[in-house]
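Open the model in your viewer and keep the selection tool at hand. The stops below go from the whole chain to its surface and then to a pocket.

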Amino acid sequence: QIPTGVQVPVQMALVAQGVLGPMAGWLMLLFIMVTLYDAQFPFYDTFIGRTTCDAIAVTGKAGRRPYRFYYFLVITIAVAAGFYLVTVAQPLILWMGVAISALVYRSIGAWQILLLNNRRLPAGFGVSRLNTWLLWITVVTGFGAVGVWAVTVLPGEIAKRFGGG
């Protein structure tokens with residue numbers, strides 16, 4: 001049986017433990033955990049941490065506590081939830097929703113950066129043509145990929161799941 005999900009890093013740690021000893025197994029697990037966290041940090045920081053804390057600050061719910069208190073609290077909860085959720089098999093529909101949302105969010109962010117660069121930056125701080133081109137590619141390919149998926153794949157999946165076919 002081929003390991004999947006959380007079994008993969010556990011198997012890697014067991015191999016390291018068998019070859020190099022018990023301490024190497026724990027170090028391998030720690031290394032894998034930090035690497036996975038590092039790969040998800042932009043998501044934790046931007047979409048979860050800053051967005052939530054900005055909402056708290058703007059709505060006046062913060063009270064007398066500083067922004068960094070809520071940021072630390074929100075990120076700690078998100079990371080703790082991530083430690084649990086990595087052990088749970090993610091349903092395909094949830095995985096698809098997260099992947100599609102990430103494409104849409106990235107495209108919206110690139111569009112906003114384009115607008116800011118073109119409308120708000122003084123003339124001396126212009127952005128290079130390469131950066132502008134890359135931002136346009138990000139917008140077009142992100143929205144385009146979601147559009148192609150919505151037209152070609154989504155109707156078939158809906159019919160298969162709910163239409164009995």
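What percentage of the 165 residues in the protein is buried? Buried residues make up 18%, where buried means under 20% relative accessible area with a 1.4 Å probe and protein chains only. This is a predicted model: local features need pLDDT of at least 70, side-chain atom pairs count only at pLDDT 80 or more, and totals for chains, interfaces and linings use all residues. Numbering starts from 1 along each chain as its sequence is written, and side-chain values use heavy atoms, without hydrogens and water.

Colour by secondary structure. The protein has six helices and zero strands (DSSP runs: H or I, at least four residues, for helices; E, at least two, for strands).

Next, select V10, L14, M23, W26, L27, L29, L30, M33 and F83. They form a nonpolar patch on the surface, with about 900 Å² of accessible area together (Shrake-Rupley method, 1.4 Å probe). Helix 2 gives the largest share, six residues. Helix 1 (7–20) and helix 2 (22–59) each supply at least two.

Zoom in on L29, in helix 2. L29 is partly exposed, at 32% relative accessible area (partly exposed lies between buried and exposed, the latter over 50%).

Now select L92, I93, M96, G97, I100, W149, V153, L154, E157, I158, R161 and F162. These line the second largest pocket. A pocket is an open set of points on a 1 Å grid over the protein atoms alone, where a 1.4 Å probe fits, with protein on both sides within 12 Å along at least five of seven lines; lining residues have an atom within 4 Å of a point. Its volume is about 260 Å³, the space filled by probe spheres set on the points. Helix 4 (92–119) and helix 6 (154–162) each supply at least two lining residues.

Technical notes
Patch = residues over 30% accessible without salt bridge, like charges linked within 9 Å, V, L, I, M, F, W, Y side chains within 5 Å. Salt bridge = Lys/Arg side-chain N within 4 Å of Asp/Glu carboxyl O.
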